[in-house]
Amino acid sequence: YRYGSGKRYDGPRLFGARILEDFGINLNLTTYSGRPYTASATPDRFQGAGTRGDLNGSRKPWNAITNLRVDKYFSLNKDEASKAVGLTVYLRVQNLLNTKNVSSVYSYTGSPVDDGWLLSSQGQVAQDNIVASGQNLQSYIDTYNWRVQNPNLYLLPRRIFVGLEFNF
């Protein structure tokens, strides 16, 4: 939504001043259904092997992103006859609601937080070997779970930008 200026201004006034003249606000919501990926038949460390089902037969979760931009234009002209020169001050917020949107998943589980390897037969054998060697199994499991938590599997969190645009 944008308020006009001059005779086109129809917004609120405060003591006669047009406080929202050349002011604008934009709210943008983008949503899309889960994008396709190919599921893996066998879990592997941080990945999968083989395919399960059709090529691109599985779906990632839905995503929704809300962006906001608020701006105000200031004319730098002293008279209306000269070519328009001005300055726009803006605040832009990407991912306004700070939604944790999934961009990629582990192909065996379809989850961004679990690759399925620790619960697989290969993972169980690896854990049995750690116990047999006398090492601390809980440390191994904790470290593995930390590694599985990959921030690159998510879209960017909320980001805030403040800026100026010189218009001529």
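**Entry 1: a starting residue**

I began with Asn 56, which is partly exposed at a relative accessible area of 42%; for this I took buried as under 20% relative accessible area, exposed as over 50% and partly exposed as in between, with a 1.4 Å probe and protein chains only. Asn 56 lies in the loop between β6 and β7 (58-59), and I noted that its phi is positive, about 60 degrees, although Asn 56 is not a glycine. Strands here are DSSP runs of E of at least two residues and helices are runs of H or I of at least four, numbered from the N terminus.

**Entry 2: what kind of model this is**

I am reading a predicted model, in which local features need pLDDT of at least 70 and side-chain atom pairs count only at pLDDT 80 or more, while totals for chains, interfaces and linings use all residues. Residues are numbered from 1 along each chain as its sequence is written, and side-chain values use heavy atoms, with hydrogens and water left out.

I then looked up the pLDDT, the predictor's confidence in each residue from 0 to 100: the mean for the protein chain is 91, and 98% of its residues reach 70 or more.

Next I traced an open sheet of 4 strands, in the order β3-β8-β9-β10 with antiparallel pairing; two strands count as paired if DSSP finds at least two bridges between them. Because β3 (23-32) and β10 (159-167) each have a single partner strand, they stand at the edges, and one side of each is left without a neighbour in the sheet. The twist averages 15 degrees from one strand to the next, with axes taken as lines fitted to C-alpha atoms and angles running from 0 to 180 degrees between N-to-C directions.

I went through the pairings in order. Strand β3 is joined to β8 (residues 63-75) by 10 bridges, and there I found Asn 28 with Asn 67 of β8 as its bridge partner. Strands β8 and β9 pair over 8 bridges, with Asp 71 standing opposite Tyr 90 in β9. Strands β9 and β10 pair over 9 bridges, and the bridge partner of Leu 87 is Phe 166 in β10.

**Entry 3: the salt bridges**

I counted a salt bridge where a side-chain nitrogen of Lys or Arg lies within 4 Å of a carboxyl oxygen of Asp or Glu, and the structure holds 4 of them. The side chains of Arg 2 and Asp 71 meet in one, at 2.7 Å from N to O. This pair links distant parts of the chain, with Arg 2 in the segment before β1 (13-14) and Asp 71 in strand β8, 69 residues apart. Asp 71 is buried, with a relative accessible area of 5%, whereas Arg 2 is partly exposed at 45%.

Asp 71 also meets Arg 69 in a salt bridge, at 3.2 Å from N to O. Arg 69 in turn forms a salt bridge with Glu 165, where the closest N and O atoms are 3.3 Å apart. That pair reaches from strand β10, which holds Glu 165, to strand β8, which holds Arg 69, across 96 residues. Glu 165 counts as partly exposed, at 31% relative accessibility. I therefore recorded Arg 2, Arg 69, Asp 71 and Glu 165 as linked in a network of salt bridges.

**Entry 4: helix α2**

I checked the length of helix α2 (residues 137-148): its 12 residues should span 16 Å at 1.5 Å a residue, and the end C-alpha atoms are 17 Å apart, which agrees. The expected span is 1.5 Å times one less than the number of residues. The buried residues of α2 are Ile 141, Tyr 144 and Val 148, and they cover an arc of only 65 degrees around the axis, which puts them on the same side of α2. The arc is that of the directions from the helix axis to the C-beta atoms.

**Entry 5: the loop between β9 and α1**

Last, I looked at Asn 95, found in the loop between β9 and α1 (121-132). Its phi is near 55 degrees, a positive value in a residue other than glycine, and Asn 95 counts as buried at 5% relative accessibility. Trp 117 is found in the loop between β9 and α1 and counts as buried at 4% relative accessibility. Trp 117 and Gly 16 are 101 residues apart in sequence and 68 Å apart in space, C-alpha to C-alpha.
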